[in-house]
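Me: Can you walk me through this model? Keep it short.

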Amino acid sequence: MAKLRIPVGILISSDGPYSVVSGSMFCGALLAVDEVNASGSSVELQPVIGNPGGQIARYASLSESMLNDGLRHVVGCYTSSSRKEIIPLFEKADALLWYPSHYEGFESSPNVIYTGPVANQHLFPLVEYLTRQVGTTAFCIGSNYIWAWENNRILREAIGSGGAVVAERYFPVGNLDFDQVIEAIIAARPSYIFNTLIGVSSYQFLRDLRAACTKRGINQIETMPVASCTLSEPELRAIGPTAMSGHITSSVYFSSIVSKENTAFVHAYAARHPERPIVSADAEATYLAVKLLALALMEAGTADVDEVKAAVSRQVVKAPQGVVRIDPDTMHASLTPRIGRSTDDGTFEILVQSPAPVRADPYLIRRSPRFGLSTMQGVVRAAS
Amino acid sequence: MSTQRFIQNFRHSRGVLFASADLGAGTLEKTLSKLGMTLSGAESVDLTTLDDEKDVLFIDGDQPLNPSAFVNMGSSVPMAPAIGIVGTEAPSRLKLLLEAGVTAFLRKPLHAGTIYAALFLGVNGYRRVRAMENQLAENARRRRDRRFVVKAVVALVQARGLTDDEAYAQIRRASMQKRLGIEEFCANLCSRDGGIILDGWKSFDPPEWRDQTEESTDASHIDDGGGHDGHAGPDVRKRG
């Protein structure tokens with residue numbers, strides 16, 4: 001039987017402001033392409049690589065170019081802003097974007113397959129863990145965009161009357177000056193700090209917070225740990241040895257998962273990209289997206305979008321994180337939530353994990369109350 | 001003004017579609033299903049049973065439309081939150097949707113990515129307009145009944161030799177104790193004699209405040225329906 005050769009766009013920023021994470025996504029995608037092509041299956045993936053370098057306008061122009069060249073499937077985007085920018089192009093061309101990152105939900109485009117987690121798969125488990133094991137007061141600090149805004153809203157709602165958000169502070173993406181807010185945090189002494197800063201801002205904040213606490217004789221890990229839904233293994237290396245440990249993260253994947261599939265994945269990734277840090281949740285989600293695409297193409301026997309969409313919801317993948325399938329109602333993946341704590345060796349110790357994969361609820365119709373919170377509590381301020 | 005609670009989760013709600021068969025409603029139905037909602041054609045729904053807390057109307061502006069069919073008698077809001085579906089952007093069609101009370105719109109062809117936003121804005125916009133309409137009706141009723149407050153203040157001033165501020169404060173205190181709005185309380189007082197102040201009111205001494213003391217003139221109550229009422233003495237004087 002003749003091989004089905006399918007060009008697949010890889011639209012991932014391998015450099016730019018959040019390249020520590022997106023770079024690992026790029027590596028995960030390439031590993032999956034290699035494995036599919038070496039497997040002797042009926043499909044050969046032909047990667048067409050576009051590097052937007054973290055610039056929104058480049059996402060649109062590269063997408064247009066790929067779609068004009070007849071590509072029907074593109075794996076890519078990390079930030080929601082880049083995804084939102086190109087979805088209209090995919091809807092117009094009736095092509096399929098395979099989006100492999102965690103995001104804030106409230107979206108379900110018929111032209112996107114979502115393989116990363118949404119709030120009921122990362123934030124709700126985190127709040128449950130923190131409330132039971134750590135404490136009930138949160139200090140929120142984030143980069144001033146949709147990821148932080150929406151997560152903080154959901155956090156407030158999930159905490160409910162059983163706790164309190166003592167403050168919310170936002171900083172421009174790329175901000176590196178956190179002295180004032182660290183003073184405010186130390187004065188407020190929350191049970192934990194909820195961190196939605198991204199990229200270099202997050203790394204700088206974690207280093208400065210740890211240093212400020214150490215200087216005052218405060219055991220930050222024990223008294224007010226930092227919790228997030230994003231911190232991954234490559235980022236621990238970027239934070240550096242003085243402050244990489246003790247951070248609580250909710251994720252569907254950690255490199256320390258003990259399973260045959262994960263061991264094979266970690267070793268294959270390290271062999272394919274020996275110059276890179278170890279794998280991350282984003283690398284796994286991207287690897288997973290490419291694997292699911294290949295399986296769906298094999299079953300459909302064509303790149304036709306409708307047929308591939310129908311086929312993908314019939315796939316069951318034994319992924320590094322566990323069993324994954326795509327829900328045909330929402331085209332989001334069922335994933336396995338876990339809570340981990342970062343260690344001195346740049347990995348995560350897994351504290352708890354869901355006994356089974358959890359179906360995505362992108363609009364939170366199964367968990368969120370009918371009415372939203374009417375009034376804001378605590379201090380809300382956008383820092384400049 | 002009290003804070004309006006907003007709806008963010010539309011699970012168990014129902015969309016009711018007023019559109020011709022030409023409208024491709026597949027995207028709408030599929031997206032509403034993701035939001036935990038169902039979609040019914042208007043022809044299969046008894047419109048007298050619409051529930052404005054659960055139902056949402058989707059009205060195609062490109063079809064023949066009688067806006068008054070959607071709006072309750074004597075009201076400017078429709079029977080349930082309404083979202084317009086806009087194809088032709090001609091003012092004549094948009095005007096009909098406006099008159100039908102839509103508070104959000106969806107552009108044809110329908111896109112999945114705009115439906116949650118339209119629902120959120122449409123339903124919560126409707127609730128805001130409905131609350132404002134209710135508040136206006138309540139204010140109009142209170143304004144009509146305000147004359148009874150004036151009558152009661154005058155009667156108490158004459159009966160007890162109080163200033164109008166003191167009289168007003170006593171009336172408020174008494175209405176609070178009866179758990180009645182001040183207008184309603186005063187209307188009840190005045191209706192004892194057919195609602196007409198008679199000469200005999202110079203000795204006006206109803207039992208409702210017979211046991212009132214000077215302490216009861218505390219003017220800090222909030223249950224009088226508005227911030228200005230707590231300082232209504234000069235206003236009463238003016239009207240008196």
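Me: How far apart do the C-alpha centres of domain 1 of chain A and domain 2 of chain A lie?
Reply: They lie 27 Å apart. This is a predicted model, where local features need pLDDT of at least 70, side-chain atom pairs count only at pLDDT 80 or more, and totals for chains, interfaces and linings use all residues. Residues are numbered from 1 along each chain as written, with chains lettered from A and ligands numbered from 1 in written order.

Me: Where are the domain bounds in chain A?
Reply: Domain 1 is 4-116 + 258-334, and domain 2 is 120-255 + 338-382. The bounds come from an automatic or database domain assignment.

Me: How many residues does each domain give to the contact?
Reply: Domain 1 of chain A gives 30 residues and domain 2 of chain A gives 28. Contact means C-beta atoms, placed from the backbone, within 7 Å.

Me: Which elements supply at least two residues each on the domain 1 side?
Reply: In chain A, α1 (19-38), α11 (281-300), β12 (322-326) and β13 (333-334). Helices (H or I, at least four residues) and strands (E, at least two) are DSSP runs, numbered from the N terminus.

Me: New topic. What is the average pLDDT of chain A?
Reply: Chain A averages 92, and 96% of the residues score at least 70. pLDDT is the predictor's confidence in each residue, from 0 to 100.

Me: Where does pLDDT stay under 50?
Reply: Over residues 375-384 of chain A. The model has 18 contacts beyond four places in sequence for that stretch.

Me: And how many residues do chain A and chain B put into their contact?
Reply: Chain A puts in 19 residues and chain B 14. On the chain B side, helix α3 (residues 112-160) has the largest share, three residues.

How values were computed. Two residues are in contact if their C-beta atoms, placed from the backbone, lie within 7 Å.
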